[in-house]
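Student: Could you go through this structure with me? I would like to ask about it piece by piece.
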Amino acid sequence: MRFHYDSNKAAQAAAFIARLYNGEASLFRIVKLIYLADRAALTDIGRTITGDRLVNMPQGGVPSHSYNALNLEDDEQTLPEPWSTYLETTSKVKFRLRNTNPDLPDLSPYELGLLRNAHSKFGYMPYAALVKYLHDLPEYRDPQGSSHPIEPADILRHENRSEDDIKEFAILADEAHFISTLALRDRWRDLLP
Amino acid sequence: MIAGETFYLKARIKEDGHLHVTIYADPADGIVTANISSDLRLEQTCMLNSGDHPFISKPSLIAYEHTKYLNPEEVTALESFGIDRKLDPVPAAVLVRIQQGALNSNHTSPRIKALIRKALQPKTN
């Protein structure tokens, strides 16, 4: 099952999380809350909010593209687009909203609700307790210091979705991926003889 | 493309693919598509029944959970190689129901709602 990563939605989800923390949030909290909200959406409607690739890391699951975008190198101070539209760095691992009430045009009320739920439930859970919670999720496998992809169908099976549901979600994901990559496919076609 | 058109995609998994309906279309803005599903566990904001479209033979709904916006470049690509086959368009009254459902759905983003509102505005000449 494959999804298409939507960096605009991911950046808006991060901005919404920062807003729930009164304008400033850490890398750890942003990626963990997006992971948990993406996971909840997957289980409920068969797709994630951001379309990100979910991976296990030593401190639990994360959305990998979002993690990579926010995890700046030592010599970097500016976030890439579209993240920098919403957030600026206050330290290597903390981010502040540029606008205290950002416009979030691509997130539905349902998706904002999932992010709000993740924040209510896990937003103030102590670091060690949240890591333990993530390690106890059935899809977690210790990546031995690296990262390891999580197959969305594994999460769905652990959450007792039927094989028919998983097949249906795979078809929906394939159609959404096809639509999201149409322009890219068109450009590649031009390069073909 | 025009609002109300229905089509199947040439996606990788073709069997059991969903019928898509264009719920907004404007050459400058792009299009919004949604698919028709018979999974009645989904949000039941816009129910469809036989008579609403020749394809529909049992209670179905618009799966706003999976609504997609395509920009004009993506629409050009969709039209040139992305459509497997087109079916009859939905009748105008059904299209309006689907558009109003999009405005009421918990799954519609503000960007898509703004486009749908534009489509539902009375035309003035």
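Student: In S3(A), which residue is the bridge partner of Leu54(A)?
Tutor: The bridge partner of Leu54(A) in S3(A) is Pro63(A). Please note that this is a predicted model, in which local features need pLDDT of at least 70, side-chain atom pairs count only at pLDDT 80 or more, and totals for chains, interfaces and linings use all residues. Residues are numbered from 1 along each chain as its sequence is written, while chains are lettered from A and ligands numbered from 1 in the order in which they are written.

Student: How many bridges join S2(A) and S3(A)?
Tutor: Strand S2 (residues 54-57) and strand S3 (residues 60-63) of chain A pair over four bridges, in the antiparallel sense. Strands are DSSP runs (E, at least two residues) and helices are DSSP runs (H or I, at least four), numbered from the N terminus. Two strands pair if DSSP finds at least two bridges between them. S2(A) and S3(A) form a hairpin with two residues between them.

Student: Now chain B. What is the strand order in its open sheet?
Tutor: The order is S4-S5-S3-S2-S1-S6 in chain B, six strands with antiparallel pairing. Strand S4 (47-48) and strand S6 (83-87) of chain B are the edge strands, each pairing on one side only.

Student: And which residue of S5(B) is the bridge partner of Met47(B)?
Tutor: That partner is Leu61(B). S4(B) and S5(B) are joined by two bridges in the antiparallel sense.

Student: Which strands does H3(B) lie across?
Tutor: H3(B) lies across strand S2 (20-26), strand S3 (30-37) and S5 of chain B, and runs at about 75 degrees to S2(B). Axes are lines fitted to C-alpha atoms, for helices over the stretch in contact, and angles run from 0 to 180 degrees between N-to-C directions.

Student: At what angle do H2(B) and H3(B) cross?
Tutor: The axes of helix H2 (residues 92-104) and helix H3 (residues 110-120) of chain B cross at roughly 145 degrees and come within 9 Å. Residues of both helices make the contact, among them Leu103(B) of H2(B) and Ile116(B) of H3(B). Residues are in contact if their C-beta atoms, placed from the backbone, lie within 7 Å.

Student: Last topic: how many residues does each chain give to the contact between them?
Tutor: Chain B gives 23 residues and chain A gives 21 residues. On the side of chain B that touches chain A, the largest share, five residues, comes from H1(B).

Terms used: Contact = placed C-beta atoms within 7 Å.
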